[in-house]
Amino acid sequence: MAEKLFGTNGVRGVVNEDMTADLALQVGKAMGRYMRGQVVIATDTRVSAEMIRSAVSAGLMAVGCKVLDLGVIPTPALQYFVKTHDYVSGGVMITASHNPPQFNGIKCIASDGTEMHKYGEEKIEALYRQVIPANPWNTIGSIEKVIGAADSYINAVISNVDSNEIRHAGLKVVLDCANGAACRTTPLLLQKLGVVAITLNADPQGEFPGHPSEPTEDNLQDLMTLTKFVKADLGIAHDGDADRTVFVSQKGKYISGDKSLALISKNELSEKKGGVIVTPVSSSSMVEDVVKEAGGTVIYTAVGSPIVARKMMEVKAIFGGEENGGLIFPEHQFCRDGAMTIAKMLECVVKYGPLHKQVDALPVYYVNKRKVPCPDDKKETLLAMMKALYNENKIDATDGLKIFFDDGWILARPSGTEPIFRIFSESKDENVAIERGQKFEDIASGFINA
Ligand code: MG
């Protein structure tokens, strides 16, 4: 395992290389010492799920915790359980989200159901580095299997939408679960909402065959073809732990996450007038155009779903999310929620008509994304140099550097985990987006290679 235990997505690594049973045991003991009391655990469908869950659970019990095992369920279903059970002091999710099957990870959930704050992670990491004494034999913890977490999660999701309207609409969808944790909840959600579902990759057998579990356009070709072929109202896809959802239109077109964010924002603003929507600086200006037109305000944050969720709590936002399809509904819970995203999108289709027509009405922007290899020690100087070069322009330094032009913007962001520098260039004019992206790539590589 790298020097640092917690990355941007909890603890993650290749099984039996970085992510070993020994590491999981020690992480379990550290988390148990920090959280104490009753701790909930769940997994996605990876082959290593049982090994990592057993080791973490043993660690939790060794330091006296009572473990409540929810089995295989999506990350937001575990988070909802933690949030709604006051006697639970925290949660542990065994997942590597969209990463390939050889990976697994351990994600820590705070007692309010949100992703663990940095402070908590640092405390757990400090404990992890120490020898953690186990309890005497007669004060060790226990483990109990809990059933029904999937049902209560899905019932809560349904209570937040106009379920009667959806039931009466006679919708048909194609659902791609990526053979992940969604297999346990999303078919149930659709059934309860009276939606006919044709499933793809809905077999939770652990190896993610079918396609890689990152819900990108390239990985969802089967879903796109089938949605069009069977004339479904929607195609729906999740990542491995079902905190994210992306959609495919009736015509088989992939709908990027920021388009879902814009369409659902519009729907939310129709009921909660003048509300605030929170999204990272990397999201398309298309979202802001739609939100402004619907009478709302956008507040931007740094990239990362816990940051978006915490800002939403702070400013009492009505909705928020990321361009990768991770959307957050505060009336339900302050974390990305794949099932809630589906329920709300179904509501949008019932209220406003076919998805492709809604998408066609959105403002069109082009984004050009680039990665430049950049040693860590040059990142700060490169940012400072870009800032100096464009000091006449409007600049937003929330995360990296966002430089505004009359016809678009550039976002230059050093990666926090890899020796690369990311450049996003957006404009309503595709050529401008590409040319400006190239210009900034040239500036960056010129500096790095000088
Ligand atoms: Mg995920």
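Where is the place of serine 97? Serine 97 sits in the loop between S4 and S5. The views below start there.

This is a predicted model, in which local features need pLDDT of at least 70, side-chain atom pairs count only at pLDDT 80 or more, and totals for chains, interfaces and linings use all residues. Residues are numbered from 1 along each chain as its sequence is written, and side-chain values use heavy atoms, with hydrogens and water left out.

View 1. Serine 97 and aspartate 243 link distant parts of the chain, 146 residues apart. Serine 97 belongs to the loop between strand S4 (88–94) and strand S5 (103–109). Aspartate 243 belongs to the loop between strand S9 (234–238) and strand S10 (245–248). Helices (H or I, at least four residues) and strands (E, at least two) are DSSP runs, numbered from the N terminus. Serine 97 counts as buried because its relative accessibility is 5%. Aspartate 243 is buried too, with a relative accessible area of 2%. Buried means under 20% relative accessible area, exposed over 50%, and partly exposed in between (1.4 Å probe, protein chains only).

**View 2. Serine 97 and asparagine 201 are non-glycine residues with positive phi.** For serine 97, phi is about 50 degrees. For asparagine 201, phi is about 50 degrees. Asparagine 201 is in the loop between strand S8 (196–200) and helix H8 (221–229). With a relative accessible area of 17%, asparagine 201 is buried.

**View 3. Helix H1 (residues 21–35) crosses helix H2 (residues 49–62) at roughly 40 degrees.** Two packed helices are described by the angle between their axes and the distance between the axes. The axes of H1 and H2 come within 7 Å. Axes are lines fitted to C-alpha atoms, for helices over the stretch in contact, and angles run from 0 to 180 degrees between N-to-C directions. H1 and H2 are therefore oblique to each other. Angles under 35 degrees count as roughly parallel, over 145 as roughly antiparallel, 65 to 115 as roughly perpendicular, and the rest as oblique. The crossing is right-handed. A crossing is left-handed if the near helix is turned anticlockwise from the far one by less than a right angle, and right-handed if clockwise. Residues of H1 that meet H2 include Ala24, Leu25 and Gly28. Their partners in H2 include Ile52, Ala55 and Val56. The contact of H1 with H2 divides into eleven nonpolar, three polar and one charged residues. Ala, Val, Leu, Ile, Met, Phe, Trp, Tyr, Cys and Pro count as nonpolar, Asp, Glu, Lys and Arg as charged, and the others, Gly among them, as polar.

View 4. Leaving aside neighbours within four places in sequence, valine 56 is in contact with Ala24, Gly28, Ile41, Val92, Ile94 and Ile106. Contact means heavy atoms within 4.5 Å. Valine 56 and valine 92 are 36 residues apart along the chain, with their C-alpha atoms separated by 8.6 Å.

**View 5. Helix H14 (residues 376–389) packs with helix H15 (residues 430–448).** The angle is about 130 degrees, and the axes are 11 Å apart. H14 and H15 are therefore oblique to each other. Their crossing is right-handed. Lys378, Thr381, Leu382, Met385, Met386 and Leu389 in H14 meet Phe440, Ile443, Ala444, Phe447 and Ile448 in H15. By class, this contact has nine nonpolar, one polar and one charged residues.

**View 6. Histidine 356 and lysine 357 lie in helix H13.** The helix covers residues 355–360. Histidine 356 counts as buried, at 14% relative accessibility. Lysine 357 is exposed, with a relative accessible area of 55%. Leaving aside neighbours within four places in sequence, histidine 356 is in contact with Ser249, Gln250 and Lys251. Lysine 357 and serine 249 are 108 residues apart in sequence and 9.0 Å apart in space, C-alpha to C-alpha.
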